[in-house]
Amino acid sequence: MTTFRISEAAAVLGVSADTVRRLVDGGRLAAHRDENGHRLIAGTDLAAYARAQTEADERTGISSARNRLRGIVTEVIRDAVMAQVEIAAGPFRVVSLMSRQAADELGLEPGVMAVAVVKSTNVVVEIPGHARVASQ
């Protein structure tokens, strides 16, 4: 079974280690102690908590897109026709290209809360720290 230390769980959730400690101490996230007394969180428990947080996300309408990343606009670069909008969503950087008119109508400026909605049929999944294994 995969387990996560407090700092690793914090990185996955995009929060501080202190926040994860409070979640564990408050009984909202299960953890156990290893032989050295360090708190460990089972991967299945961390996944269940993360899923519950995304399900609690309020949606304003019906959409076929399931990938929603709430964050804050950090940069908007406009030219005469297009705009490049950058959003910091937890530890992730999301960049969107849209018409300048759309960016203006949405009032996108640094500091504005926004949700990046992604619908894709091609998503690459990687396992960090593992060597690439060629298929036979």
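# A walk through a predicted protein

Let's start with charges: the count comes to 6 salt bridges, where a salt bridge is a side-chain nitrogen of Lys or Arg within 4 Å of a carboxyl oxygen of Asp or Glu. Before we look at some of them, here is some background. This is a predicted model, in which local features need pLDDT of at least 70, side-chain atom pairs count only at pLDDT 80 or more, and totals for chains, interfaces and linings use all residues. Residues are numbered from 1 along each chain as its sequence is written, and side-chain values use heavy atoms, with hydrogens and water left out.

So how confident is the predictor? Its confidence in each residue is called pLDDT and runs from 0 to 100. The protein averages 86, and 88% of the residues score at least 70. Helix H4 (residues 100–106) has the highest confidence, at a mean of 96, while helix H3 (residues 43–55) has the lowest, at 84. Where pLDDT is low, the predicted coordinates should not be read in detail.

Now for the overall layout. You'll find 4 helices and 7 strands in the protein; these are DSSP runs numbered from the N terminus, with helices (H or I) needing at least four residues and strands (E) at least two. Read from the N terminus on, the order is β-α-α-β-β-α-β-β-β-α-β. Of the 136 residues, 22% count as buried. Buried means under 20% relative accessible area, exposed means over 50%, and partly exposed is in between (1.4 Å probe, protein chains only). The accessible surface comes to about 10,100 Å², and 52% of that belongs to carbon and sulfur atoms; such areas come from the Shrake-Rupley method with a 1.4 Å probe, and for residues, only the protein chains shown count as cover.

Let's go inside. A nonpolar core is a set of buried Ala, Val, Leu, Ile, Met, Phe, Trp, Tyr and Cys residues joined through side-chain atoms within 4.5 Å. The largest one here has 11 residues, including Val 73, Val 85, Met 98 and Leu 108. Strands S4 (67–78), S5 (82–89), S6 (92–99) and S7 (113–118) each give two or more residues to this core, and S5 gives the most, with 3. A second, separate core of 10 residues includes Ile 6, Ala 10, Leu 23 and Leu 46.

Take a look at Leu 108 in the largest core. Leaving aside its neighbours within four places in sequence, Leu 108 is in contact (heavy atoms within 4.5 Å) with Val 73, Val 76, Arg 78, Val 85, Met 98 and Ala 103. Across the protein, among contacts between residues at least 6 apart in sequence, 44% join residues at least 24 apart.

That brings us back to the salt bridges, starting with Arg 78. Arg 78 pairs with Glu 109, with the closest N and O atoms 3.3 Å apart. This pair links distant parts of the chain: Arg 78 sits in strand S4 and Glu 109 in the loop between H4 and S7, 31 residues apart. Arg 78 counts as partly exposed because its relative accessibility is 23%, and Glu 109 is partly exposed too, at 40%.

Another salt bridge joins Asp 104 and Arg 100, again with 3.3 Å between the closest N and O atoms. These two are 4 residues apart in helix H4, so about one helical turn separates them. Asp 104 is partly exposed, at 39% relative accessibility, as is Arg 100, at 31%. Salt bridges that share partners join Arg 78, Arg 100, Asp 104 and Glu 109 into one network.

Is Glu 86 buried or exposed? Glu 86, in strand S5, has 15% relative accessibility, so it counts as buried. Its salt-bridge partner is Arg 93, with the closest N and O atoms 3.1 Å apart. Arg 93 itself is exposed, with a relative accessible area of 58%. Beyond neighbours within four places in sequence, the contacts of Glu 86 include Ile 72, Val 73, Thr 74 and Val 95.

Finally, the surface. Val 81, Met 82 and Leu 97 form a nonpolar patch there, with about 320 Å² of accessible area together. Patches are made of residues with over 30% relative accessible area and no salt bridge, with like charges joined within 9 Å and nonpolar side chains (Val, Leu, Ile, Met, Phe, Trp, Tyr) within 5 Å. Leu 97 is found in strand S6 and counts as exposed because its relative accessibility is 64%.

Definitions and conventions: pLDDT = per-residue confidence, 0-100.
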